[in-house]
Amino acid sequence: MTDTSSTSRAFTPEQNIRFNGPKGRRRSISISLHETATPAVKSLSSLEHVDLQNDNSDLLSAYDKLTVWKRTIEKHLNRIYLHKLKEIDNLLSDGQNHIDIVFGTLPSFDELAIVTSRQHTIDHTYDDIELNHQNSQSFDLTSNNILLCTSDRYVLIYDDIKTKLILYNNTSYINSSIWDTNEYGDPCDLTYSYYLDLYCIITNRGLFTWSNENNSIPLHIDSIRPISGNRLWTIASTDTKSDVFILFKLGSYIERWNSIVGTKSWQHIQRWSNHDLFERNDQRIRTIRMTSNYVVWTVESTKTSEWRVDLLDYHLQVLRRGINIDNLDKYSSCLLSNFGPEQFLIIDSNCHSLFLLDSNGSIKLKTDSIINKRIKNAVLMNNNNQKWLVVRLERPDQLYFIALSDKTDNLNNNM
């Protein structure tokens, strides 16, 4: 454990230690053990700053995790130890003659660390996924705007000609709501926060939340605002955490916020500038997204005009860097959307290309006769265990729902 011998001596049960107090008076401290619980130790598994709770823990080996766990407990116990020393010093300074410290029963640390054998999970790629156009559904649109997002029931799009938010499910049009651009600004990104059960809308004015349940007036989160003329650009949220990441245009800044249910007073956690995150030639980010464990963004090298995808933890420390996306250039839009816990769709709305980034870091171009050369954006929708690829197309402008099925399951059913 951490060496604390330079500041104190180890105490044994029922040992009396004498201190020289102020004015030469002698004071005694009795230390005894009792069969009581120790809340500070029992809470180790839920500490906010325990290294094993960090979002990149799955990338560590079992040996590394055990070492991190040991160091974390040592640091925590040392903090408790130093805090108790300070308490004793304060009591002595206040003139207390007798100080008693009570220890709880030591927990069974062996039970806090359990060694298990992981089951190998199959990472489905586009080779396994089939686009089932027979069960597809399309809706004609009046604009070719790229914006769309999904909940588990609905798809929300923005029509920049009619300036409306329009809601669909996989079978029909639901409703629409006028979006006042004079008051709220022009939308540049949409996302659905499962944690808040609200849609989040980024505009050139700031961040707004909106619910389709009552078509309420958008709520302006006025604590999140442009910085020195740098406008907000995109937002990332996930279904298991209250945190969101806000990306400013061209990646000039990234902010991490804690979203608070039912309130407009969100808590600011941290801000990074592009100088904090990138080398000189890597300062343009197009999109940022997040999962329960990771943050992912698409970034362009301004020197080579090459696009890549980086995988990061929630402190924006790079875990996997430099996954290059072929066939893209400086004119590419390089949008990004979640496709699974560790899978992402990459969409180039300018060149009308669709890629899948799997959990192994492999990127594959997806070609399809209907969406090829027409795709503007795409998101995944999971409704009642049926997965849909929801796509905005142009020529003609459409919203297109494509049912997804597993080829291996289809083969097994036909055997």
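**Exercise 1. Find which residues touch the most other members of the largest nonpolar core.**

Solution. Step 1: apply the rule. A nonpolar core is a set of buried Ala, Val, Leu, Ile, Met, Phe, Trp, Tyr and Cys residues joined through side-chain atoms within 4.5 Å. Buried means under 20% relative accessible area, with a 1.4 Å probe and protein chains only.
Step 1: read off the largest core. It has 34 residues, and L156, Y199, L345, L354, A378 and L389 touch the most other members.
Step 2: look for another. A separate second core holds 32 residues, among them A236, V244, W266 and Y314.

This is a predicted model, in which local features need pLDDT of at least 70, side-chain atom pairs count only at pLDDT 80 or more, and totals for chains, interfaces and linings use all residues. Residues are numbered from 1 along each chain as its sequence is written, and side-chain values use heavy atoms, leaving out hydrogens and water.

**Exercise 2. Locate the lowest and highest confidence.**

Solution. Step 1: take pLDDT, the predictor's confidence in each residue, from 0 to 100. The protein's mean is 78, and 77% of its residues reach 70 or more.
Step 1: compare elements, which are DSSP runs numbered from the N terminus (helices H or I, at least four residues; strands E, at least two). Helix α1 (residues 39–42) is lowest, at a mean of 34, and strand β6 (residues 155–159) is highest, at 96.

Notes: Buried < 20%, exposed > 50% of the residue type's maximum accessible area, 1.4 Å probe, protein only.
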